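Work through the exercises below with the sequence and the structure in view, and try each task before reading its solution.

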Amino acid sequence: MATDPNLRRERPEPVSGEGEFAFIDRLAERLPSPPAGQTWIGDDCAVLADGRLIATDLLVEGVHFRSAWADPVDIGFKALAVNLSDIAAMGGTPEAAVVAVALPTGRPGLADELLAGLMECAERFGCPLVGGDTSTGPDLFLAVTVTGTATTPVLRSGAGPGETVFVTGPLGAAAAALAHLEAGEPATTAVALHRPLPRLGEGRAATEAGATAMLDLSDGLAVDIRHIAKASGVGIELDPDRIPVAEGATLPQAVGGGDDYELCFTAPDPDRVRAAFERAGRREPSAIGVTITDGDVTFGDQPLEGGWEHRLR
Ligand code: ADP
Ligand code: MG
């Protein structure tokens, strides 16, 4: 998940420069291969037997949010919403959630407010909170784990050449809000940053439309699209003129900013995509590019740059 880029600037420069993705690649190499039909590390959710999905995402104070800017009810809502977004990214339906929370002392009412946001999200998206763990800690820390199911889970790895790349909605609103908050200005798009909506219906519509690869845009289009290219072994040509930029955001924020939680997917038949989304009563996704046989990810005639990655050292 993306974080506050301002905090990244305040941290010391990494010594070796290793980022989270290099660590995840090394970890993946050390894990045993999953049984046939299952997918473990490397996708938005792990797929277990019979299409059962499991995913976890963490929200840490000072890294993923600042309490000065975010209401605890919103923090609770977002902690579950970003996990449900990973279920959406597989074309899945949520089943249940557990929440582990570390609470700093001296903030009365915090636990109940977080819970109110979690419960609101759980009810809205039909994913009951069934348990968890509670501790004290130096900072607020929330880890949510969700389970779900998908009859045909859509992985990041299934894209072939000659397909269309789609996103389910306008991008950049969360990054625009963060930029305003950092500048001490009112953020008109703050709701996008604090209350992302998991695109569960869209994920299922994309699956019905024959989506071959899919993920949710948590770290920014520029970073996340490379996961599809790498996992699928395809190149991707993005068309800068077709990126849907959210009102109040700029094109660089739409491409490089994180926390959008729209879905990005590839599919061979754009007409089938339009029909499936119309049937599902969902906003028509935007076609933003095409997959090619090989090569990197390009943005117009430039290599694609930007996006978020946690630096580990
Ligand atoms: P997402 O943004 O969809 O939540 P991440 O980029 O956080 O995905 O993670 C990419 C992949 O690496 C996922 O499959 C996730 O399960 C796995 N992963 C990340 N961190 C760890 C870890 N510490 N241990 C095991 N797997 C991890
Ligand atoms: Mg994801």
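**Exercise 1.** Find which residues coordinate the magnesium ion (ligand 2), and state whether Asp44 is buried or exposed.

*Solution.* Begin with the donors, which are N, O and S atoms within 2.8 Å of the metal (3.2 Å for Na, K and Ca), and note that water is not among the atoms, so sites may look incomplete. The magnesium ion (ligand 2) is coordinated by the OD atoms of Asp44, Asp86 and Asp216, at 2.0 to 2.1 Å. Along the chain, these donors follow the spacing D-x41-D-x129-D. Asp44 lies in the loop between helix H2 (20-30) and strand S1 (46-47), while Asp86 belongs to helix H3 (residues 72-88), so the pair ties together parts that are 42 residues apart in sequence. Here helices (H or I, at least four residues) and strands (E, at least two) are DSSP runs, numbered from the N terminus. Finally, both Asp44 and Asp86 are buried, where buried means under 20% relative accessible area, exposed over 50% and partly exposed in between (1.4 Å probe, protein chains only).

The model is predicted, with local features needing pLDDT of at least 70 and side-chain atom pairs counting only at pLDDT 80 or more, whereas totals for chains, interfaces and linings use all residues. Residues are numbered from 1 along each chain as its sequence is written, chains are lettered from A and ligands numbered from 1 in the order in which they are written, and side-chain values use heavy atoms, leaving out hydrogens and water.

**Exercise 2.** Determine which strands stand at the edges of the open sheet.

*Solution.* First write down the order of the seven strands, S7-S9-S6-S10-S8-S11-S12, whose pairing is mixed; two strands pair if DSSP finds at least two bridges between them. Strand S7 (213-216) and strand S12 (302-303) each have a single partner strand, so one side of each is left without a neighbour in the sheet.
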